[in-house]
Amino acid sequence: MVFKSKIKWIALFVLLLSFVSLIRHLSIARFSTVDLVQYTAMAGFRDDFAASISGTQNFRNKKLWGLVKPLQSLQPYANPRSSYPVPNKQSNGFIYAKIFGGFANIRSSICDLVTISRLLNATLVIPEIQESTRSKGISNKFKSFSYLYDEEQFVASLTNDILIVKSLPENLKAARRRNAFPTFKPKTSASPKFYIKEVLPALKKAKVVGLVITDGGCLQSILPSSLAEFQRLRCRVAFHALQFRPEIRELGHRMVERLRAWGQPFLVFHPGLIRDMLAYHGCAELFQNNLRERQCFFVPFLALVTHYPVVDVHSELIQYRRAQMIKRGIINEELGVDSHLRRENGSCPLMPEEVGILLRAMGYPPKTIIYVAGSETFGGQRVLIPLRAMFANLVDRTSLCSKTELADLVGPETHLPLDLFQSPPAKSEEQLKEEWKKAGPRPRPLPPPPGRPIYRHEKEGWYGWITETETEPDPSPVDLRMQAHRLLWDALDYIVSVEADAFFPGFNNDGSGWPDVSSLVMGHRLYEIASSRTYRPDR
């Protein structure tokens with residue numbers, strides 16, 4: 001009896017301590033986050049219920065949509081601040097360039113090209129955007145540079161900075177077709193000394209020099225203080241000279257008006273899930289971990305089978321692209337890296353479900369209008385499912401624009417047959433027997449277990465080659481055309497992102513490393529309105 005009574009007293013004492021500890025933790029959570037927006041599930045439900053009854057809601061929460069007061073005094077100014085002579089009409093020669101890559105690579109490369117032309121006192125030939133010139137069947141209405149940007153605006157804005165021509169003189173075009181002029185392939189981190197010591201002598205001798213830019217830039221991102229005027233020239237190119245062609249600007253502003261017509265502010269989220277960027281930073285296991293979590297949730301016994309490899313086809317595609325970057329010298333690292341460490345260091349993007357949790361914790365209600373930017377979301381719509389579950393008003397360009405509007409933006413194009421992936425032909429029984437005879441001495445060991453099951457849907461589509469061959473096939477005409485279209489979609493998203501009430505990037509590198517659209521948008525928003533609400537999450 002005495003022993004039982006002691007147990008009762010001990011149990012009562014433990015319950016009392018648990019209750020005191022719970023009260024203590026609740027008080028700490030309530031009063032230690034004074035600077036954060038207080039959000040609870042009941043409060044969010046109450047706000048949504050009240051809004052549905054009254055039809056109105058106070059969407060202009062200053063903590064969520066207001067300007068950032070400490071930045072209101074900033075006034076960016078990109079004009080020259082010292083003696084800045086106009087360009088000399090007697091230049092050292094012509095510089096023509098071929099730019100490869102996506103939207104961010106193109107925009108960064110053009111800014112660098114203008115700066116290099118000023119540094120070398122050279123005449124710049126309008127750069128060639130290879131994503132549009134390589135594509136087959138693109139509308140004859142737009143070519144190369146004019147497919148994305150306004151040529152006349154570009155030339156007029158830089159009249160006091162460099163000399164620009166639309167093409168080489170007729171007497172030099174034939175020599176270029178014969179590859180008679182020296183061509184350089186500069187790295188992204190090339191210094192001004194490289195151009196002065198290596199490129200300038202060749203320019204003075206041949207009068208024409210070609211540049212092939214493949215890695216998203218051709219000049220180091222931060223210039224020395226002695227070249228401050230060249231850094232400001234970059235800003236003038238990015239924020240004034242590079243204007244999209246009128247059709248893109250018109251449709252982009254129309255999209256912003258449609259978003260504002262709903263009577264509430266909107267937030268733009270750029271996932272930053274791009275294959276090249278994921279490969280550059282070694283984030284292949286992001287998709288592998290998500291697949292492992294889903295399989296362990298739906299099939300619990302798989303978590304107990306330690307030898308079962310859980311690999312996603314997207315992880316394999318990222319690793320293949322990373323191997324290409326290592327071979328080209330873009331990355332000086334090993335192929336296999338620990339994505340968990342990269343993720344902890346902030347080198348990998350936030351997944352959409354993580355962004356949704358952050359936005360809800362910050363106080364954004366479930367009915368917040370979120371525009372999803374980005375022409376490419378590696379992993380497809382499946383990675384956005386958790387975010388859509390948290391925020392019902394998730395829209396993109398296909399939600400705001402009709403097919404006719406997007407088709408008019410692209411222009412008339414010739415019809416291309418659908419070029420689906422064709423798997424290799426099946427081997428005949430005789431071929432299999434012949435391979436078995438040449439397989440080696442008997443007894444042969446049992447074949448290793450398959451790395452993972454390969455399903456039918458993985459053998460079809462744009463990624464089907466990964467299950468059949470070791471090399472990625474050359475892009476088809478349909479693929480090339482889609483790459484050109486992505487430039488237009490990124491341009492539309494860029495306009496909406498700059499004009500948004502709030503911008504939240506899933507990934508940004510602040511201008512260092514592989515170029516990304518989010519960093520360009522954040523810089524443009526800082527230049528236009530420094531106090532606009534632009535988030536920089538600590539990944």
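Predicted model: local features only at pLDDT ≥ 70, side-chain atom pairs only at ≥ 80, totals over all residues.
Are Trp 65 and Tyr 364 buried or exposed? Both residues are buried.

The protein chain has 539 residues, and 45% of them are buried. Its secondary structure consists of 21 helices and 11 strands. Among contacts in the chain with a separation of 6 or more, 81% are between residues 24 or more positions apart. The accessible surface amounts to about 30400 Å², with carbon and sulfur atoms contributing 59% of that area.

Five of the strands form an open sheet with parallel pairing, in the order β9-β8-β7-β10-β11. At its edges are β9, residues 394-395, and β11, residues 533-534, each of which pairs on one side only.

In the sheet order, β7 stands between β8 and β10. Four bridges connect β7 with β8, and the two strands run parallel; in this pairing Val 268 is opposite Tyr 371 of β8. Towards β10, β7 also pairs in the parallel sense, again over four bridges, and here Phe 269 is opposite Phe 504 of β10. Strand β7 is mostly covered, with five of its five residues buried. Phe 266, Val 268 and His 270 point one way from the strand, while Leu 267 and Phe 269 point the other way.

Further along, β10 (residues 502-505) is joined to β11 by two bridges, and these strands are parallel as well. Phe 503 has Thr 534 in β11 as its bridge partner. Helix α15, residues 352-362, packs on the sheet and touches β7, β8 and β10, with its direction at about 140 degrees to that of β10. A further helix, α10 (residues 246-260), lies across β7 (266-270), β8 (369-372) and β9, and runs at about 160 degrees to β8.

The aromatic side chains come next. The whole structure contains 11 aromatic pairs. In the pair that opened this text, the ring centres of Trp 65 and Tyr 364 are 5.2 Å apart and the planes are at 85 degrees, so the arrangement is edge-to-face. Because Trp 65 belongs to helix α3 (residues 62-65) and Tyr 364 to the loop between α15 and β8, the pair ties together parts that are 299 residues apart in sequence.

Phe 244 and Tyr 494 make another edge-to-face pair, at 5.9 Å centre to centre and with 75 degrees between the planes. Phe 244 is in the loop between α9 (228-241) and α10, whereas Tyr 494 is in helix α20 (residues 477-499); the pair therefore ties together parts that are 250 residues apart in sequence. Phe 244 and Tyr 494 are both buried. They also belong to a cluster linked by ring pairs, together with Phe 103, Phe 145, Tyr 149 and Phe 154.

Two arginines are placed over aromatic rings. Arg 176 lies over the face of Tyr 96, at 3.9 Å from the ring centre. Arg 245 lies over the face of Tyr 147, where the distance to the ring centre is 5.8 Å.

Terms used:
Residues numbered from 1 in each chain as written. Heavy atoms only, no water. Pairing = 2+ DSSP bridges. Contact = heavy atoms within 4.5 Å. Axes fitted to C-alpha atoms, helices over the stretch in contact; angles between N-to-C directions. Phe/Tyr/Trp six-rings, centres within 6.5 Å; stacked < 30°, edge-to-face > 60°. Buried < 20%, exposed > 50% of the residue type's maximum accessible area, 1.4 Å probe, protein only. Lys NZ or Arg CZ within 6 Å of the ring centre and 35° of its normal. Areas by Shrake-Rupley, 256 points an atom, 1.4 Å probe, with all protein chains shown as cover.
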